[in-house]
Amino acid sequence: MSAIEVVILSAIVLSAVAGVVLSLKREKKNGGCCGSCSQCKSACKSKDNQPK
Amino acid sequence: MLKFCLAGNPNSGKTTLFNALTGSTAHVGNWPGVTVDKREGVYKKLEEKVSIVDLPGIYSLSPYTLEEVVSRNFIMDENPDLIINIVDATKLERNLYLTTQLLETNVPMVIALNMMDTVERAGDKIDVKALEKAFGVPVVEISALRGKNINELMKVAYEVSKQPRKSFSVVEHSPLIGKAYAEVEKLCCEHDVDCACFHAVKVLEGDMLEVKDHPHIEEHVKEIREQIDSSAFDGDFEAMVADARYQYITSKMPSILIKNAKQKATATQKADKFFMHKVWGIPMFLVIMFAIFHVTFAEDFLYLQGIFGLEINSDFWCTFFQIEAGSAIPSPGVWLQSWFGYLMGCLIEAIAGLMESCPAWLTGLVCDGLLSGIDAILSFLPHILMLFLFLSILEDTGYMARVAFIMDRAFRKFGLSGKAFYPLLMCFGCGVPGVMATKTLESEKERKMTILISPFFSCGAKLPIWLAFAGVLFGGQHGDLVVYSIYLIGIIVAIISAIVLKLVINKAETAPFIMELPDYHLPQFKSTMLHLWDKLKHYLVKAGTIIASAIVVIWFLSNFGFAFWNGMVDDINVSMLGQIGQALQYLFYPMGWAMGDYGWQLVVSSLTGLLAKEEVVATMEVLAGGLGLEFMIATMTAPAAFSFMLFNLLCVPCMAMVGAVAGELNSKKELFKAIGFWMLVAYVVSAATYWCFTYWYVGVIVAVALVAAFVALVIRYKKRKV
């Protein structure tokens with residue numbers, strides 16, 4: 001592999017790793033919700049309305 | 001902007017009206033408790049924009065449940081300009097109980113009389129003028145489902161919101177506590193309590209929050225209470241107030257509701273005699289579920305080949321069904337999946353053709369990695385959507401609410417109530433909202449038990465795993481039975497786990513389960529399509545984000561050695577992932593499947609399932625190389641394949657669900673206990689399946705040991721009880 005190929009491959013793999021980490025972080029922030037479907041959104045929002 | 005809120009009993013049609021007014025696509029279900037949180041939208045067809053707030057369904061404004069707290073806090077603290085009280089006209093008397101409480105607030109109000117079409121069909125009549133006179137607020141007849149009269153409702157609501165409304169309580173008409181109420185209200189006015197009418201009734205009831213908020217008048221209220229003869233109600237003032245409300249409603253009902261004298265049993269009542277039968281209710285549910293699995297996954301539709309020997313041999317039909325000559329007619333789900341798989345294959349081939357001049361590693365990354373992995377999970381999309389279409393129809397018709405009811409009796413024996421069925425039912429779609437929905441369970445122990453067994457209910461993300469195996473096992477002829485059996489085994493393991501957890505941990509009595517059964521109705525096309533769109537969006541978002549990223553990483557690790565700059569390796573076993581996988585492989589040996597030709601690949605695939613369960617199949621496809629995951633599965637024996645499926649069904653769920661469980665359990669110690677529990681169950685069940693079905697005598701020994709362990713647990717439980 002040429003040096004330029006190594007750099008491109010490394011960049012692709014590192015951005016993929018970042019993609020996985022960011023997705024997991026987003027899920028953690030949302031308390032496990034994917035945040036894309038209405039069931040999840042509703043369930044997530046209800047976390048803020050727990051009886052005190 | 002004006003702010004109107006929708007308040008009413010559960011399953012009275014609030015969310016349907018909310019969607020119709022705001023053009024939203026909020027989840028609507030034909031069972032009570034779909035909305036556990038308030039949500040907002042905007043109505044734009046009036047002179048000024050109106051913010052519409054959909055509150056969760058409630059029976060009262062007493063702060064006992066999460067839904068009641070959310071609704072009460074909104075109405076009392078956030079000063080809405082108007083309340084649209086949705087009243088289910090088919091259950092008028094019960095729905096008006098909440099109306100009497102809403103009238104005690106000084107917020108302007110309109111009653112939206114929903115489901116009037118059903119009342120008219122039954123031959124009943126409701127006198128709207130009499131209803132307006134009895135409750136002192138305008139009434140508009142609507143059909144939220146059909147969007148009938150909703151613009152008229154908003155026009156009336158807009159006019160009403162401009163005028164202040166004086167609160168009043170029907171309790172003042174009570175001969176028993178009317179006088180006491182008047183005295184407490186006077187007391188509240190003297191102490192400058194805002195909305196004295198509402199607070200006076202609540203203080204008189206002994207509402208916990210009100211007593212805490214108004215300690216200065218509590219002594220006087222006690223004296224007033226002592227003057228009332230409450231012996232008939234055992235000193236329960238809440239019951240006395242409830243009785244006063246119902247007395248008022250009952251006294252007005254003859255002039256409001258004119259019942260059809262020749263009323264016959266409704267279609268719902270007739271159907272319930274059949275579907276909710278105490279003997280065949282549960283078997284009927286199992287048969288319905290099998291029928292759904294058969295239509296979705298069967299290679300031999302209606303067993304036409306198995307029973308009648310019907311085969312397809314003509315070229316036209318073979319192309320139409322995408323099958324080989326001499327095959328059976330496939331079920332609609334399999335037929336759609338074949339076409340989808342064919343089109344995806346054409347797309348991948350076209351892209352591969354375009355990349356011929358690219359470097360080998362880039363073609364490999366895009367075609368063998370990214371596209372193959374995503375194809376492996378997307379090709380099952382028609383199956384998944386079809387299964388959820390049927391489940392959504394069952395939910396929309398009102399049948400699933402019945403299943404919760406018939407399951408209550410069975411669940412109770414295992415320490416759970418029918419109320420736990422809803423969260424568990426949601427887990428068939430996705431475990432995350434399922435786990436979050438457990439917060440509606442009042443008993444803490446029941447909630448914990450439900451969370452612990454929830455991953456055993458196979459979610460949509462695990463479906464590609466079952467489908468990949470179903471297409472290969474037993475020659476791919478019994479896909480419906482394979483998938484159905486996995487779902488059933490998951491439920492059985494959950495039940496056994498619940499029994500064990502009940503005997504070991506949960507000694508508390510199960511909370512009683514009271515629910516209002518909705519009427520059956522035909523599924524709504526829009527609502528069903530919205531459910532499917534939700535599922536599709538969820539799937540595509542995951543495939544395009546976490547799964548696609550993980551596939552790239554897996555492909556890189558499985559095609560390069562630790563000195564990756566030297567280029568791609570020829571043998572996958574010497575790749576980075578190969579070396580890591582082979583080191584871990586031994587831990588999974590007892591379960592059988594890790595011992596085969598593709599042992600470490602299967603281990604790595606299972607581990608990537610922690611990111612997202614769809615990832616298991618995508619990783620298998622990438623690690624199978626050019627041979628495809630079907631070849632990988634074909635090298636496994638049936639016990640090893642089932643053992644692998646069960647391990648993936650029962651082991652630690654995806655990170656998203658673990659996050660949800662962590663949030664709900666709110667304790668790291670409890671979370672680690674839960675993870676340990678899932679791993680133990682998965683390991684034991686998976687290993688037992690492999691060894692018992694590979695060597696019959698092991699099966700006999702394990703069966704005897706299980707019976708002995710169960711008897712020992714029962715004896716221990718009985719001794720504790722004594």
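Reply: Before the helices, one definition: an axis here is a line fitted to C-alpha atoms, for helices over the stretch in contact, and angles run from 0 to 180 degrees between N-to-C directions. Please keep in mind that this is a predicted model.

Me: OK, at what angle do α27 and α28 of chain B pack, and how far apart are their axes?

Reply: Helix α27 of chain B, residues 599-608, packs against helix α28 of chain B, residues 614-623, at an angle of about 150°, and the two axes are 7 Å apart.

Me: Which label does that get, roughly parallel or roughly antiparallel?

Reply: Angles over 145 degrees count as roughly antiparallel, and α27(B) and α28(B) are therefore roughly antiparallel to each other.

Me: And is the crossing left-handed or right-handed?

Reply: For α27(B) and α28(B) the crossing is right-handed.

Me: Switching to cavities, how many are there of 30 Å³ or more?

Reply: The count comes to five cavities of 30 Å³ or more, and the second largest cavity holds about 200 Å³ of space. Its lining has 22 residues, of which B:Gly429, B:Cys430, B:Cys459, B:Gly460 and B:Ala461 are the closest to its centre.

Me: Which helix gives the most to that lining?

Reply: That is α25(B), with four residues in the lining of the second largest cavity; both α21 (431-437) and α25 (525-559) of chain B supply at least two residues each.

Me: Last topic, how is chain B divided into domains?

Reply: Chain B is divided into domain 1 (2-161), domain 2 (170-258) and domain 3 (390-527), and the centres of domain 1 and domain 3 of chain B, taken over C-alpha atoms, are separated by 31 Å.

Notes. Residues are numbered from 1 along each chain as its sequence is written. Chains are lettered from A and ligands numbered from 1 in the order in which they are written. This is a predicted model: local features need pLDDT of at least 70, side-chain atom pairs count only at pLDDT 80 or more; totals for chains, interfaces and linings use all residues. Side-chain values use heavy atoms; hydrogens and water are left out. On a 1 Å grid over the protein atoms alone, a cavity is a set of points where a 1.4 Å probe fits but cannot get out, and a pocket is an open set with protein on both sides within 12 Å along at least five of seven lines; lining residues have an atom within 4 Å of a point. Grid points are joined across faces, edges and corners, and a volume is the space filled by probe spheres set on the points. Domain bounds come from an automatic or database domain assignment. Angles under 35 degrees count as roughly parallel, over 145 as roughly antiparallel, 65 to 115 as roughly perpendicular and the rest as oblique. A crossing is left-handed if the near helix is turned anticlockwise from the far one by less than a right angle, and right-handed if clockwise.
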